[in-house]
Amino acid sequence: MAHSSHGRPERSAPPEIFYSEQEARKYTSNSRMIEIQSHLSERAIELLRLPDDQPCFILDIGCGSGLSGECLTDQGHYWVGIDISQPMLDVAVEREIECDLILGDMGFGMPFKAGTFDGAISISALQWLCNADKKFHNPPKRLYQFFSTLYASLSRGARAIFQLYPENSAQLELITHQAMKAGFTGGLVIDFPNSTKAKKIFLCLFAGGASQQLPKGLGTETTIERKNQISFTEKRERVKQIRGSKNPKGSKNWILEKKERRRRQGKEVRADTKYTGRKRKPVF
Amino acid sequence: MKLLTHNMLTSKIIKGVQQGYPLGITATKVDVKEVDFNPDFVSRMIPKLDWPALCKAAEDVGHSAELPKEVVPEYETNEEFLKKAHHVLLQVEVIEGNLVCPESGRKFPVNNGIPNMLLNEDEV
Ligand SMILES: C[S@@+](CC[C@H](N)C(=O)[O-])C[C@H]1O[C@@H](n2cnc3c(N)ncnc32)[C@H](O)[C@@H]1O
């Protein structure tokens, strides 16, 4: 959602009202919106780091009309979408999305049995949970109920990736705090932190299992990671985009690039040293 | 709603409900939609399923005739078994009806194939 140019929809009405039939249609037929949401979804799926060549079972939280979930289908995965707006879901049905849909409110919790999903994504939806749209809404409680039930519904070691538009750093802090309280580890991955336009925030959560390394943000040199607490103030440096460069295979730069790529996916990579990619002396 | 999703759904988000599983189904409209057969996916899902709950759900919607009552050994290589599971899990869909919480009797309506799991204020 283009938050910069349209103001914050979260401030205008509760989600089940804002995402009316009219808005659902407008949203889903806007080619720029489709492009943005697909782009964000693809990056989120990359950050999920699902096993290669295996069809997985994924939860899409705040799935809307299915723009995000379609990217999962494209990659051969099966998914269940949950959303609070019946009109958005009706548009998804109309578009013959290949998945299953549930009308539900994140803040009530995820209604699934333990260990159901291999991963979860949520694109441009989580910030809605910080609003108190009803008298009985208590955002910290709703966030905790959401994260704790989500944790249970994921298989051990699975990831949940949220692309979100927090209103301010206090909101982001509340969200991550409640996620950690519910048992998740992980942290924030920020793509292009120095660009007002391209900057995107991903909350990457790990549901138990072996300790995992936080993936790297695009266009950054450092990501922010704390086991229990997350701070949002670390300095980040600009780094040249490395994709598509033409270093000869096996050269030092080629190795550094490859390691960089793997770090971005959050894979275990040995630290770079002065020995990295150095010519070995022939052994006699 | 596919029966795969039904097999994963619970009503334990209702305050006071312990398991909320499996949800009963009363269907007034059931459809069969063609879905490509993916033996890898079906095999991967088998260990996650509650098979008796799947048999019961298939019975509730009138599609249990073909479904084996138990998971067969070495199902990964048993295409016939996987195809039957595929059919019941992914092709049979509840379009209209209700899901029923086994503990509280609370009904969750299914409209346009979408179960409504929204709660009231006093259920949270
Ligand atoms: C910007 S749309 C994104 C939809 C979809 N993920 C996409 O990428 O196109 C945000 C969605 O979040 C949903 N949403 C907002 N608050 C929600 C809540 N409390 N529970 C479930 N869904 C919610 C809205 O109904 C809306 O469909």
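Helices (H or I, at least four residues) and strands (E, at least two) are DSSP runs, numbered from the N terminus. Contact means heavy atoms within 4.5 Å, and a residue is called buried under 20% relative accessible area, exposed over 50% and partly exposed in between (1.4 Å probe, protein chains only).

Welcome to this predicted model, in which local features need pLDDT of at least 70, side-chain atom pairs count only at pLDDT 80 or more, and totals for chains, interfaces and linings use all residues. Residues are numbered from 1 along each chain as its sequence is written, chains are lettered from A and ligands numbered from 1 in the order in which they are written, and side-chain values use heavy atoms, with hydrogens and water left out.

**A pair of helices in chain A**

Let us start with helix H8 (residues 169-181) of chain A. Its 13 residues should span 18 Å at 1.5 Å a residue, and this agrees with the 18 Å between its end C-alpha atoms. Among the buried residues of H8(A) are Leu172(A), Ile175(A), Gln178(A) and Ala179(A). The cover over the buried residues of H8(A) includes H7, strand S5 (154-164), strand S6 (185-191) and strand S7 (200-207) of chain A.

The axes of helix H7 (residues 139-153) of chain A and H8 of chain A come within 8 Å and cross at roughly 45 degrees. That makes H7(A) oblique to H8(A), a word for angles that are not under 35 degrees (roughly parallel), over 145 (roughly antiparallel) or 65 to 115 (roughly perpendicular). On the H7(A) side, Pro140(A), Leu143(A), Tyr144(A) and Phe147(A) meet residues of H8(A) including Leu174(A) and Ile175(A).

**A residue in strand S5**

Arg156(A) sits in strand S5 of chain A and is partly exposed, with a relative accessible area of 48%. Beyond its neighbours within four places in sequence, Arg156(A) is in contact with Tyr151(A) and Ala207(A). The C-alpha atoms of Arg156(A) and Ala207(A) are separated by 5.7 Å, although the two are 51 residues apart along the chain.

**Backbone details in the loops**

Most residues other than glycine have a negative phi, and most peptide bonds are trans.

| Residue | Phi | Relative accessible area |
|---|---|---|
| Glu96(A) | about 55 degrees | 68% |
| Glu74(B) | near 50 degrees | 63% |

Glu96(A) lies in the loop between helix H6 (86-94) and strand S3 (100-103) of chain A. Glu74(B) belongs to the loop between helix H3 (51-60) and helix H4 (79-91) of chain B.

Finally, the peptide bond from Tyr21(B) to Pro22(B) is cis, with omega near -15 degrees.

Note on methods. Axes are lines fitted to C-alpha atoms, for helices over the stretch in contact, and angles run from 0 to 180 degrees between N-to-C directions. The expected span of a helix is 1.5 Å times one less than its number of residues.
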